[in-house]
Amino acid sequence: MGEVDPAFIQDPEHRPKISFTEAQGIPLIDLSHIPTHSSDDVTAVNEGVVREIGDACKEWGFFQVINHGVPLEKRQRIEDASRKFFAQSLEEKRKVRRSDKEVLGYYDTEHTKNVRDWKEVFDFTIEEPTLIPASHEPDDKEVTEWTNQWPDYPTELREACQEYAQEMVKLAYKLMELVALSLGLPGNKFHGFFKDQTSFIRLNHYPPCPAPDLALGVGRHKDGGALTILAQDDVGGLEVKRKADGEWIRVKPTPDAYIINVGDIIQVWSNDKYESVDHRVMVNSKRERFSIPFFFNPAHYTLVKPLEELTNEQNPAKYREYSWGKFITNRKRSNFQKLNVENIQIYHFRI
Ligand code: OGA
Ligand code: NI
C-alpha cells in the first residue's frame, strides 16, 4: 500500500471486489427510429422504445443507447483531444486549474463523500455564460457566472468540446422527451427547465492505480442533475448498484454506445417512480481509462419538486421543494474540499 496516500483509501465496506459480475440486463436501447428534438414527431413514434425507456428507468435507473445520432467522428475528436490534454505535465495542466473562484477547468483532488478519487478531470460548461448562485448560503441572492478556462494545448480541444456539447444537448432533449412520454406526460414537458441550463461536461482520466483494491476512481455516488450521458472507453470500470439485490454490477463497454442514468432531479420530479442509482468507478493497475460524462442540469433558479401531474391524494409529494442552484453550489463546494459534514442529498428534502 506504501505508494497510495491514505486520503484515497476507502473504508473496508466500500472497497471494490476485484472479481466482478458483468452486467447482463442493463438494457440496450436502439434509438434509430426516434427523430431529433421535435416533440410532435416523437409522440407519433415507437411506443416500444418509450416502454423500454420507462422499464429501464424503473428497474435499473441506467441503460445504454445505440443509434443515438451522435456522429462518431465528433466523439473521437473530443476523446483524442482529451488524451492529449491529460498526457501533458502536471505543471501545464495546472495552468487551467480550478480554484475556489473558478469552478471549471482542471483538477486532480476531487473528493466523493470525503475520500479522494483516483482521477484527474477537466470540466467545462455548455452555456456561455452559465449563471449560478454566488454561494450555497440560502439567503444569499447574488448570482455569478461560470466561465470556461481553455488550455493552449491541444489547440483543437476547445472546438472539439463545443461541438460535442451541441450533440449532447440534442441527445439529452430527445431522451428527456422519451422519459416524459414514459411517465405519461407531454413530450415537451421538461424542455422549459433547461432554457438557462447549468449543464456541464467532464473529461475524466483515471490513471493506473497501484492499489485498485483500496481506492476508487470515483467513490459511490448518485448524480445530482436530471440525466447523465456517459461515453466510456473500452477499458471498463463503471459499476452500478443493482436495485434488485444491491450487488455492484459492471457495465460492459459497448463500442459507440452511451450510458444514460437517471439523476436525482428526475427522481424528485417523478416522485420516486424513477430512482437515481448509486454508481462508482473501479480503477486497475495496468490500463488508464478515459470517460466523458455530460450532466444535463436545469437553470439555477429551478425549484425542484414532484410534478403535480404525478402526485395526488393517494400518492402525495415525497419531497419539499429545493433550489437546484443552491444544491449544486453546495455539492461543488464539498467535492473540492474535504469537509466534515456529509454532502447534500435529496433525502434531506424528504417529507
Ligand atoms: C461521474 C461518473 C463514471 C465514469 O463522473 O459522475 O459517474 O465512468 N463517472 O467515469
Ligand atoms: Ni456519476
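Predicted model: local features only at pLDDT ≥ 70, side-chain atom pairs only at ≥ 80, totals over all residues.

Visitor: Where does Asp256 lie?

Guide: Asp256 sits in a loop, with strand E14 (248-250) on one side and strand E15 (258-262) on the other.

Visitor: What is the phi of Asp256?

Guide: The general idea comes first. Most residues other than glycine have a negative phi. Asp256 is not a glycine, yet its phi is positive, about 65°. Asn114 is another non-glycine residue with a positive phi, near 70°. Asn114 belongs to the loop between strand E5 (111-112) and strand E6 (115-116).

Visitor: Now the peptide bonds. Which bond joins Glu128 and Pro129?

Guide: Again, the general idea first. Most peptide bonds are trans. The bond joining Glu128 and Pro129 is cis, with omega about 0°. Pro129 is in the loop between strand E7 (120-125) and strand E8 (130-133). The bond from Tyr153 to Pro154 is also cis, and its omega is near -10°. Pro154 lies in the loop that runs between strand E9 (143-146) and helix H5 (157-182).

Visitor: Stay with Tyr153. Is it buried, partly exposed or exposed?

Guide: Read the relative accessible area against the cut-offs: under 20% is buried, over 50% is exposed. Tyr153 has 43%, so it is partly exposed. Tyr153 is in the loop between E9 and H5.

Visitor: Which residues does Tyr153 touch, beyond those up to four places away in sequence?

Guide: Setting aside those sequence neighbours, Tyr153 touches Lys84, Phe85 and Gln88.

Visitor: How far apart are Tyr153 and Glu321 in space?

Guide: Tyr153 and Glu321 are 168 residues apart in sequence, and their C-alpha atoms are 43 Å apart. Now try Asp213 and Lys17. They are 196 residues apart in sequence, with C-alpha atoms 6.9 Å apart.

Visitor: Tell me about Asp213. What does it contact, leaving aside neighbours within four places in sequence?

Guide: Asp213 contacts Arg15, Pro16 and Ile18. Its relative accessibility is 37%, so Asp213 counts as partly exposed. Asp213 is in the loop between strand E10 (200-206) and strand E11 (218-221).

Visitor: Step back to the chain. How many helices and strands does it have?

Guide: The protein chain has 7 helices and 19 strands. Buried residues are 56% of the 351.

Visitor: What does the radius of gyration say?

Guide: Compare it with the value for a compact globule. For 351 residues that would be near 20 Å; this chain has 19 Å, which agrees. The C-alpha trace spans about 55 × 45 × 45 Å along its principal axes.

Visitor: How should I read the contacts by sequence separation?

Guide: Take contacts between residues at least 6 apart in sequence. In this chain, 78% of those join residues at least 24 apart.

Visitor: What about surface and charge?

Guide: The accessible surface is about 15,600 Å², and carbon and sulfur atoms account for 48% of it. There are 46 positive and 56 negative side chains, and the centres of the two sets lie 3 Å apart.

Visitor: Which feature does UniProt place at residues 197-298?

Guide: The unreviewed UniProt entry gives "domain: Fe2OG dioxygenase" there. In the model, the end C-alpha atoms of residues 197-298 lie 5 Å apart. The span is 6% helix and 39% strand.

Notes
Residues numbered from 1 in each chain as written. Chains lettered and ligands numbered in written order. Heavy atoms only, no water. UniProt positions renumbered as here; feature names shortened; annotations may be inferred. Helix = DSSP H or I, 4+ residues; strand = E, 2+ residues; numbered from the N terminus. Rg over C-alpha atoms; globule rule 2.2 N^0.38 Å. Buried < 20%, exposed > 50% of the residue type's maximum accessible area, 1.4 Å probe, protein only. Contact = heavy atoms within 4.5 Å. Areas by Shrake-Rupley, 256 points an atom, 1.4 Å probe, with all protein chains shown as cover. Lys, Arg positive; Asp, Glu negative; His and termini not counted. Charge placed at Lys NZ, Arg CZ, Asp CG, Glu CD.
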